[in-house]
Amino acid sequence: MNINLTIIGQILAFIAFVAFCMRYVWPPILAAMEERQQKIADGLAAADRASHDLELAQKEAVDRLSEAKKEAAAIVEAANKRAATVVDEAKVAAVAEADRVKELASAEVEREKAQAKEQLLTQVSTLAIAGAEKVLAAEIDADKHAALLEQLVKEQ
Amino acid sequence: MAAAGQEQTVSDYIVHHLTNLTYGKLPEGFERYDGETVAAGGHWTFAHGADEIAAMGFNAIHVDSLGWSIGLGIIFCALFRWVAVRASAETPSGLINFIEMIVEFIDNQVKDTFHGNNKLIAPLSLTIFVWVFLMNLMDLIPVDVVPELMLLAGVEYQKIVPSTDPNITMGMAIGVFVLMLFYSIKVKGFGFVKELTMNPFNHWAFIPVNLFMEVVGLLAKPFSLGLRLFGNMYAGEMIFILIAALFSAGIFWLLPAALLQIGWAIFHILVITLQAFIFMVLTIVYLSMAHEDH
């Protein structure tokens, strides 16, 4: 073991190299590494954010879809109800119309029956008079008894 | 190798491998290996042999250790600066990715251990880890390659693993120690004195005892830091040299030596990384302790 001036030289070299490293080597390398780390962290954060956004969007889509489905169901239901109502109304109207028509018809029938009856009576009376005329031609004066028969018809 | 023209023994071989290329000042009146006497005022020269290195004492520089150390430090700085210039928030690739991996590893280590706010600790740790690792890595280059090449180029000694030189490891440990003292005083102020004098026995009568114990404990930190690395790497290098010496023991030793060489080298990949890591972690821990009040 010879300790000599070499040790001084080594101390000076040591100081010089450490100073160089501290000034020109360490800061740029570390700065570059930290910058890269930051970039990667940012990238990862962005990816996280994006996937979070996607999740939110999917959730919203599902929500909207179910809402739309609900709306559609409600619309269909309303339409069905409306249709049922329309059908019911139509039924009621039809029944009323039918009743009216029936009434009208029966009234007509009544009227015609009455008319026919009247006609029939008129014809019967004419026929009776004709018969009676024939029978009574000889015995009875038509003009004399016509007023009497006319009165009879009216009394009916 | 060491002594040209003479029969070389295994111990010569080992000694040669463990001798640094030393440039230093020989004292006045010292008789050199070739019989010359150093003139008045001393003489700066490359040492030849252990005697001359011993005679130089403190006035010497291990040119190889310091040269490789600074060279590897420059490689570290150049490589990391190259990446630092190109680093961006875009997708990194290849070398940039690898360097960023190291930086992130160091950053995590520092964040795990050191909770204060200090802009020095992380780059310091990075420098220590990579630099020490590169210095240790020289251990995996076969022990004879560089010294032999250097010998051909006329350089007598060459020890290429800087961390097997206590000057190098203790130099860094002292650097860390100075930082420990600096931050202890900066962060705790008078509390640092109190920490040294009132622990572990919180009574004024025990102040000398406390001071002695705490100072020993404090001084033990840089020593353990520097000498641990030195010891591990020196021992590893020594075993590489012994295995290399085994190659010359005869034809029958060729295969076992080769297997040992491979096995030790593979094991050493773990050791050099681990030692670099330990040096770094202990630095962080010591500086973290310097920042915390007890």
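In what order do the three strands of the open sheet in chain B stand? Before I answer, let me say that this is a predicted model, in which local features need pLDDT of at least 70 and side-chain atom pairs count only at pLDDT 80 or more, while totals for chains, interfaces and linings use all residues. Residues are numbered from 1 along each chain as its sequence is written, and chains are lettered from A and ligands numbered from 1 in the order in which they are written.

The order is S2-S1-S3, with antiparallel pairing, where strands (E, at least two residues) and helices (H or I, at least four) are DSSP runs numbered from the N terminus, and two strands pair if DSSP finds at least two bridges between them. S2 and S3 of chain B are the edge strands, each pairing on one side only, and the twist averages 15 degrees from one strand to the next. Helix H3 of chain B, residues 63-86, packs on this sheet and touches S1 and S3, its direction making about 50 degrees with that of S3(B); such angles run from 0 to 180 degrees between N-to-C directions, with axes being lines fitted to C-alpha atoms, for helices over the stretch in contact.

Turning to S1(B), residues 22-26, four of its five residues are buried, so the strand is largely enclosed by the rest of the structure; buried means that 20 or more other C-beta atoms, placed from the backbone, lie within 10 Å of the residue's own. Four bridges link S1(B) to S2(B), residues 43-46, with Leu26(B) opposite His43(B), and three bridges join S1(B) to S3(B), residues 60-62, where Gly24(B) has Ala60(B) as its bridge partner.

Chain A, by comparison, has two helices and zero strands. Its radius of gyration, taken over C-alpha atoms, is 61 Å, well over the 15 Å that the globule rule (2.2 Å times the number of residues to the power 0.38) gives for 156 residues, so chain A is more spread out than a compact globule. Its C-alpha trace spans about 195 × 25 × 20 Å along the principal axes, and 11% of its residues count as buried.

Finally, the two chains meet: 29 residues of chain A are in contact with 42 residues of chain B, contact meaning C-beta atoms, placed from the backbone, within 7 Å. Phe17(A), in helix H1 of chain A, residues 6-136, counts as buried because it has 25 C-beta neighbours inside 10 Å, and it touches residues of chain B including Gly73(B), Phe76(B) and Trp131(B).

How values were computed. Buried ≥ 20, exposed ≤ 12 C-beta atoms within 10 Å, placed from the backbone. Lists of a residue's contacts leave out its neighbours within four places in sequence.
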